[in-house]
Amino acid sequence: MPYSAPDDTEDASWLIRVSTTAARPDPNGCRLHRSLAVRPLITPDPPLPFRPQPLEEFAAAPLFAALDLIEHQAWPLARVLRELHETKGVFQRRTAPAHSALLHWTAEALERYLDARADEQEAARAEGLPATTPVRLEWIARTAKRPQRDQRGALQYEHTVWGRRYASADGRVRDLWIPSFGRAKADRSEAEKTAIAHVLAHGAPGPRPRWATAPPVTAAMADPVPERVRVFAFGCADGSVQTVLDWDAQEVPRRFAEHAAPAFHDAATGIERRPGADCVSCKVIGHCSDLRRTPSLWGGVPTTPTRRRRSLSVWDLRLHKDCPAQYHLTRRLRLASLQEEDRATLRGRAVDAWLNERHGACPRTSCRELPGPQDVENWSAGGFDLHGEQAREAAAMLGEHRSLCPLSGLAPQEEVLVQHQVTTYVPELDVVVIATPDLLHTRAGGWIWRETKTSSHHLWEREPLLLRYPQLALGVLMLNAGVLGADPGRSWVEFELLGDGHSVLERIDPSRPEVVDEAREVIAGMAQPLLDDTTYEPRPGRHCASCRARPWCTTGTSYVDERPSHG
């Protein structure tokens with residue numbers, strides 16, 4: 001069936017410009033958003049005004065700007081590092097300054113990258129391969145503009161790729177280096193690998209395509225066509241390098257047709273809507289009937305000046321409450337050290353993974369009727385391996401859950417959703433709110449929102465439950481606002497705390513005004529400071545010991561160094 005563009009967008013849907021990331025599978029993504037995103041001539045409705053960010057929100061931007069100065073303008077490393085800190089990562093660009101911790105991260109990643117690249121070139125020379133040098137312009141594989149639309153409604157296609165580009169002097173070898181914020185990530189789908197190889201093998205150097213601009217009508221193809229294409233994954237956190245692919249360019253077209261073409265077809269033709277994180281950059285959010293609108297969900301006040309549309313989750317709120325810098329660095333910039341999570345967190349993740357698998361099984365069966373781990377001393381779930389005391393504690397928690405399992409006695413016709421993303425839009429704040437309860441299920445015409453936590457400690461009664469666990473407060477507000485489409489009087493939030501012999505189950509009524517008022521107070525008290533923040537200053541505390549961004553935060557590092565017992 002031919003692709004049908006959304007209303008009022010047909011005239012602008014003829015160009016399909018896809019990055020290789022469009023070939024990645026995204027089970028939580030919105031297919032309509034993706035099909036609109038690869039059509040750059042379709043502009044947002046309503047239009048999005050330019051709203052500058054107070055701080056840089058793309059972690060790799062200062063790193064790439066620094067590499068551009070070294071690789072294309074021959075700046076020495078010392079000068080670049082000095083300029084990095086003096087300009088706060090702006091260099092010669094028109095962009096927002098970087099957070100101080102991002103500057104430290106960039107300096108470390110820059111030196112690691114240069115060392116890794118030099119080591120790879122030395123190894124390549126030892127194998128008799130020609131040296132590759134930096135390529136300034138992006139590689140773009142573009143078809144000529146055709147006179148009539150194809151089945152996808154397209155007249156022209158452009159393929160692009162993100163990364164650092166290198167080529168041999170004779171053009172026979174092309175390399176691409178793709179940085180990751182943590183370790184090197186070589187494990188990519190065949191669709192994405194062949195999409196990358198297609199651009200390396202067939203793309204011609206050209207200026208970066210500007211958003212919402214039409215390309216030339218002529219094709220852009222590599223000349224000369226390379227004989228060999230190589231892709232390397234680079235880990236900014238540890239300097240690791242892994243080979244993603246090393247192919248003869250002649251085999252790329254066959255691989256592309258087999259793996260990448262179907263993925264791109266799916267990306268360009270999807271029309272199903274799925275509210276979630278994609279709503280933040282959606283071009284037709286004002287016309288989406290699937291996205292619930294909940295004005296005054298917690299009574300927030302719009303920021304001044306107005307910021308770009310953002311997403312918000314309870315995890316965001318909790319991190320920002322602990323430390324604004326931690327929120328900015330780990331949630332917005334996605335920086336993460338290689339520090340392992342503490343044993344309590346790993347134990348909780350293993351229990352969650354075990355319950356998710358059980359609750360999502362088909363046919364549906366209550367955990368009361370199923371056995372726990374066969375060997376309580378050594379077991380795993382969801383890729384989390386537990387041993388000894390940690391395994392015994394987690395197995396005991398699973399045993400406690402058996403009597404609390406929400407599937408016990410649940411009628412077969414009721415709906416059960418495991419780790420289902422619930423999304424709503426607060427229009428006056430221009431904020432997309434996303435929650436992922438551990439379990440949702442219907443019962444007698446209402447929705448039950450179950451949150452499960454693990455702890456070796458008893459529930460502390462001196463702290464209000466909604467304040468201690470704000471995900472419960474957000475669940476109350478969403479159910480009360482009818483986000484799930486059910487009567488709040490028939491719905492409730494459940495809190496299950498699993499311990500070793502002290503498990504509890506609390507029920508919270510989202511139809512009671514005093515409960516809703518308390519939930520609004522909790523969320524407003526956490527959300528407003530986050531939405532208003534423009535500096536994301538560190539707030540040191542016990543959380544610094546487990547902060548994934550602490551290696552680049554001088555305040556957090558000093559706090560932990562001065563208190564070794566907190567480490």
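Some conventions. The model is predicted, so local features need pLDDT of at least 70, side-chain atom pairs count only at pLDDT 80 or more, and totals for chains, interfaces and linings use all residues. Residues are numbered from 1 along each chain as its sequence is written, and side-chain values use heavy atoms, with hydrogens and water left out. Helices (H or I, at least four residues) and strands (E, at least two) are DSSP runs, numbered from the N terminus.

I start with the sheet. It is open, has five strands in the order S2-S5-S6-S8-S9, and its pairing is mixed. Two strands pair if DSSP finds at least two bridges between them. The edges are S2, residues 132-134, and S9, residues 241-248, each of which pairs on one side only. On average, neighbouring strands in this sheet are turned by 25° against each other, with direction ignored. Axes here are lines fitted to C-alpha atoms, for helices over the stretch in contact, and angles run from 0 to 180 degrees between N-to-C directions.

Contact means heavy atoms within 4.5 Å.

Next, two helix pairs. How do the axes of H5 and H6 cross? H5 (residues 190-202) and H6 (residues 252-269) have axes that come within 8 Å and cross at roughly 125°. H5 and H6 are therefore oblique to each other; angles under 35 degrees count as roughly parallel, over 145 as roughly antiparallel, 65 to 115 as roughly perpendicular and the rest as oblique. Their crossing is left-handed, a term for the near helix being turned anticlockwise from the far one by less than a right angle, with right-handed if clockwise. The residues of H5 in this contact include Ala-191, Thr-194, Ala-195 and His-198, and those of H6 include Phe-256, His-259, Ala-260 and Ala-263. By class, this contact has ten nonpolar, four polar and two charged residues. Ala, Val, Leu, Ile, Met, Phe, Trp, Tyr, Cys and Pro count as nonpolar, Asp, Glu, Lys and Arg as charged, and the others, Gly among them, as polar. As background, an α-helix has 3.6 residues a turn, so residues three or four places apart point the same way.

The second pair is H12 (residues 470-480) and H13 (residues 513-532), with axes that come within 9 Å and cross at roughly 120°. H12 and H13 are therefore oblique to each other, and their crossing is left-handed. From H12, the contact takes in Ala-473, Leu-474 and Leu-477, among others, and from H13, residues including Val-516, Ala-519 and Ile-523. The contact of H12 with H13 has eleven nonpolar, one polar and one charged residues.

H13 comes up again with H8. Seven of the nine residues of H8 (residues 324-332) are buried, so H8 is largely enclosed by the rest of the structure. Buried means under 20% relative accessible area, exposed over 50%, partly exposed in between, with a 1.4 Å probe and protein chains only. The buried residues of H8 pack against H4 (100-126), H7 (314-322) and H13. Among them are Tyr-327, His-328 and Leu-329. Just after H8, Arg-334 takes a positive phi of about 65°.

That leads to the backbone. Most residues other than glycine have a negative phi, and most peptide bonds are trans. Ala-212, in the loop between S7 and S8, has a positive phi near 60° and counts as partly exposed, at 28% relative accessibility. Tyr-536, in the loop between H13 and H14 (554-562), has a positive phi near 55°. Is Tyr-536 buried or exposed? Tyr-536 is buried, with a relative accessible area of 1%.

Which peptide bonds are cis? One runs from Asp-223 to Pro-224, with omega near 5°, and Pro-224 is in the loop between S7 (204-206) and S8 (228-235). Another joins Cys-362 and Pro-363, with omega about 5°; Pro-363 is in the loop between H9 (343-359) and S12 (378-381).

Last, the hairpin. S12 and S13 (residues 384-387) pair in the antiparallel sense over four bridges, with Ser-380 bridged to Asp-385 in S13. The hairpin has two residues between the strands, and Gly-382 there takes a positive phi near 60°.
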